[in-house]
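Take a walk through this chain with the model open beside the text. We start at one residue, then widen the view.

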Amino acid sequence: MDTLSYKTVSANKATVTKEWLHVDAEGQTLGRLSSVVAKLLRGKHKPSFTPHVDCGDNVIITNADKINLTGKKWTDKSYIRHTGYPGGQRSLTAQELFDKNPERLIEKAVKGMLPKNKLGAVLFRNLKVYAGATHDQDAQQPKTVNLKEFK
């Protein structure tokens with residue numbers, strides 16, 4: 001046999017097909033939901049996955065205000081930030097962050113599961129999170145995803 005019967009195909013920006021997916025977060029656990037959404041954003045569920053290319057889908061999450069956290073995470077889990085000034089460390093519990101902005105809880109969980117580089121920043125822009133049941137991306141005709149398929 002002189003030639004290979006197969007070729008490794010590497011996706012690039014021009015050959016990637018991106019879809020819009022809708023995920024309902026009602027009754028879902030935060031970490032389990034976030035890990036599946038991170039896989040969808042990265043494109044790891046596609047056979048044409050290429051690590052250095054944005055080959056994932058655009059994901060819309062609704063009902064972020066109906067997410068669940070297990071155990072005592074509502075009071076014990078803390079989100080720490082720094083203002084940049086001496087003594088400027090600030091923290092919020094999960095309940096305080098949820099009361100202030102429920103979308104931010106899911107965004108922080110998903111962002112932590114994406115690559116920490118330029119590609120991760122590009123992938124994060126493909127995520128849209130909404131607290132209620134309605135969203136602004138009706139024109140894109142998103143397909144509703146059952147999260148149990150992607151385990």
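## Starting at a buried loop residue

N63 counts as buried, because its relative accessibility is 6% and the cut-off for buried is under 20%. The model is a predicted one. N63 lies in the loop between strand 2 (58-62) and helix 2. Its contacts reach to other parts of the sequence.

Most residues other than glycine have a negative phi. Phi of N63 is near 60°, a positive value in a residue other than glycine.

Now step back to the whole chain. Its secondary structure comes to five helices and six strands. Along the sequence, these elements follow the pattern β-α-β-α-β-β-α-α-α-β-β. The C-alpha trace spans about 65 × 40 × 30 Å along its principal axes. The chain has 151 residues, and buried residues make up 37% of them. Among contacts with a separation of 6 or more, 68% are between residues 24 or more positions apart.

What does the chain expose? It exposes about 9800 Å², and carbon and sulfur atoms supply 50% of that area. Charge is the next topic. The chain has 25 positive and 15 negative side chains. The centres of these two sets lie 8 Å apart.

Next, the rings. How many aromatic pairs does a search of the whole structure find? It finds one. The rings of W74 and F98 have their centres 5.1 Å apart and their planes at 70°, so the pair is edge-to-face; the cut-off for that class is over 60 degrees. This pair links distant parts of the chain. W74 belongs to helix 2 (residues 73-76), F98 belongs to helix 3 (residues 94-100), and the two are 24 residues apart. F98 is buried, because its relative accessible area is 15%.

The charged end of K111 sits over the ring of F124. The distance from that charged end to the ring centre is 5.1 Å.

Move on to N126. N126 is found in the loop between helix 5 (118-124) and strand 5 (127-129). Is N126 buried or exposed? N126 is buried, because its relative accessible area is 11%. Not counting residues up to four places away in sequence, N126 touches K18, L41, D54, D57, N58 and V59.

The last stop is the loop between strand 5 and strand 6 (143-144), where D138 has its place. D138 is exposed, because its relative accessible area is 55% and the cut-off for exposed is over 50%. D138 and K72 are 66 residues apart in sequence. Their C-alpha atoms are 37 Å apart in space.

Q141 also has its place in the loop between strand 5 and strand 6. Q141 is exposed, because its relative accessible area is 66%. Phi of Q141 is near 50°, a positive value in a residue other than glycine.

Methods. Residues are numbered from 1 along each chain as its sequence is written. This is a predicted model: local features need pLDDT of at least 70, side-chain atom pairs count only at pLDDT 80 or more; totals for chains, interfaces and linings use all residues. Side-chain values use heavy atoms; hydrogens and water are left out. Rings of Phe, Tyr and Trp (its six-membered ring) pair if their centres lie within 6.5 Å; planes under 30 degrees apart count as stacked, over 60 as edge-to-face and the rest as tilted. Helices (H or I, at least four residues) and strands (E, at least two) are DSSP runs, numbered from the N terminus. Buried means under 20% relative accessible area, exposed over 50%, partly exposed in between (1.4 Å probe, protein chains only). A charge sits over a ring if NZ of Lys or CZ of Arg is within 6 Å of the ring centre and within 35 degrees of the ring normal. Contact means heavy atoms within 4.5 Å. Accessible areas come from the Shrake-Rupley method with a 1.4 Å probe; for residues, only the protein chains shown count as cover. Lys and Arg count as positive and Asp and Glu as negative; His and the chain ends are not counted. The place of a charge is taken as NZ of Lys, CZ of Arg, CG of Asp or CD of Glu.
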